[in-house]
Amino acid sequence: MDFKQFWEEHVVLKPKPGSFSTDDPHAVMYTNEDLDPIKRKDRTYAWYQMGLFWIAEGFNAAQLQVSSSAFSLGLNPGLCVLACFVGNVIVSLPCAASGYLGSKLGTNFSGTVRASFGMQGSKWAMIVRAVPCIIYYGIQVSLAGQAVQACTTAIWPSFANWKVNAIPASANITAQQILCFVIFWFLSLPFLYLPIKTLRFLFVAKSILVPLYWTAMFTWSVTAAGGFPDVWRMPSVPLDGMSVGYLFGVCVNAAISGNATFAVNIMDISRHSKSDRAAWVTQLFALPILVTLTELLGCTMAVASSVLYGEVQWNPLVVINNFENRPGKFFAGALFVFFNIMTNVTGNSIPLANDLTGLFPKYINIRRGQFICAVISFAICPWEIQAKATTFLAFMGAYTLFLGATTGVMMTDYFWVRRGYGINISHLFKPRGIYWYNYGCNWRAFVAWFVALAPFIPGMVQGMGVRITNKGILNLYSWNYVLVVTFSGLLYVVFAMISPIPIASVETHLCFGSSARISSRVGSCIEGKKID
């Protein structure tokens, strides 16, 4: 077998019967089986499984660090938790809208974003979303590696002294940590093979374990600190000359950014939902409640560490590794390993896989994309991002900016510009269809995206280490997600009013009347009939 034959038989994906690419050979560059809309009868997620998603995704080390990192920078712990709750309420709104959109259309982000950015322009939105997914996958592997280290030292205490000075301190990682990083990386691989419809059973398993784990860790934190110590009542003392208001805004934005990916990611999951209502109601209520409880635990553990060790340990895995009780240390670490596997799969590898599928549908499906995510994450150094609390918050705030601009454009395109009509699903996979716009790009979306970002560039540069003395600019940047979503959305509406976007092609004009044309291939040809 020569290379060309091997490539065609084992690398190039073959269209399945019923796919859009079966009837149109040119559509093979825009869709495959994993990108095609999911028929209503094939959806498997019940309403409670959509709600349990936020236990499966929300309880992870990175979420625990949001409030604890703000506490380590001088914000009062009560204000840390309040800021997290405010941020979670704010981000639940676009998450609910995105969840509804995914369930209504049955399409993932990579397919849906074509309606607003264009068939070619959507590739930019996919790349923007893909980059943080790779970085966050690496961060979660690094954090869970510390959980593996806790398990290992609980069984073999001498492991704590293994190759202590083999790697210089400037690397921000030890020999033990890099070994545990590799162990967790391999442990995660079998879970990447599971189809999305199977993950709902793991959601249930994690939702049973998390409340028990949360109660145990919260009880330990309060007991170890001697109840709720005076630190909960002390005024905020921000470090590095930051104001309380600025630090509160940073914490709000960090809480938002911890879930801002799901303002675009959740449709990758909600497209499997049996109920459109469950797809948005669960985001609106489960997210702010369940995720805030996670961040409350993170802050409580940080306060306990400040009482026990005399300094704030904002990383919860460092606290667990300091446990002296070996059985408790092992089980705390082991459960964290399972929890972070679920978080990494649902929150990072699946979204990246969907993006890669949208970028290269002829060669990559979701399963292949998840393994590519794992391989690339091995090549980055996520422990450098974690090294300092300020770096961690700066990273989260920076990528939120780009995701917010994408969210603003997508949501206003569907709920405002196209209100009452919706999206022609078949044209999301059709070359030269109504979403081709100009040269495959919707210029309105791109201009709105870049112009909305402009006011926040100084704040982003400051987060990268360049000193900015203008406090007004910094205060503006601390609320960047809310503002950039608003700015990009309003700009898109203005441009759409100046230069109206096409809604229907000649051959599908009837789809926008009182009844919609029905396609035997994927169910409804168009979601965009009149909506009461």
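Predicted model: local features only at pLDDT ≥ 70, side-chain atom pairs only at ≥ 80, totals over all residues.
Residues are numbered from 1 along each chain as its sequence is written, and side-chain values use heavy atoms, with hydrogens and water left out. In brief, the structure has zero disulfides and four cavities of 30 Å³ or more.

**Cysteines**

- No disulfides are found here, where a disulfide is a pair of cysteine sulfur atoms within 2.5 Å.
- C133 is buried, with a relative accessible area of 1%; buried means under 20% relative accessible area, exposed over 50% and partly exposed in between, using a 1.4 Å probe and protein chains only.
- C251 is in no disulfide either, and its nearest cysteine sulfur, in C84, is 4.0 Å away.
- C251 is also buried, at a relative accessible area of 1%.

**The largest cavity**

- A cavity is a set of points, on a 1 Å grid over the protein atoms alone, where a 1.4 Å probe fits but cannot get out, and its lining residues have an atom within 4 Å of a point.
- The largest cavity holds about 110 Å³ of space, a volume being the space filled by probe spheres set on the grid points, which are joined across faces, edges and corners.
- Its lining is made of 13 residues, and those nearest the centre are E57, Y136, Q140, G258 and N348.
- Two or more lining residues come from each of α4 (61-72), α8 (122-155) and α16 (326-359); helices are DSSP runs of H or I with at least four residues, numbered from the N terminus.
- The largest share, three residues, belongs to α16.
- By type, the lining has four nonpolar residues, eight polar and one charged; Ala, Val, Leu, Ile, Met, Phe, Trp, Tyr, Cys and Pro count as nonpolar, Asp, Glu, Lys and Arg as charged, and the others, Gly among them, as polar.

**The second largest cavity**

- This cavity has a volume of about 40 Å³.
- Among the residues that line the second largest cavity are F228, P229 and W232.
- Helices α10 (196-224) and α14 (276-309) each give two or more residues to this lining, and α14 has the largest share, with three.
- The lining of the second largest cavity divides into seven nonpolar residues, three polar and no charged.

Notes. 1 Å grid on protein atoms, 1.4 Å probe; cavity = no way out; pocket = protein on both sides within 12 Å on 5 of 7 lines; lining within 4 Å.
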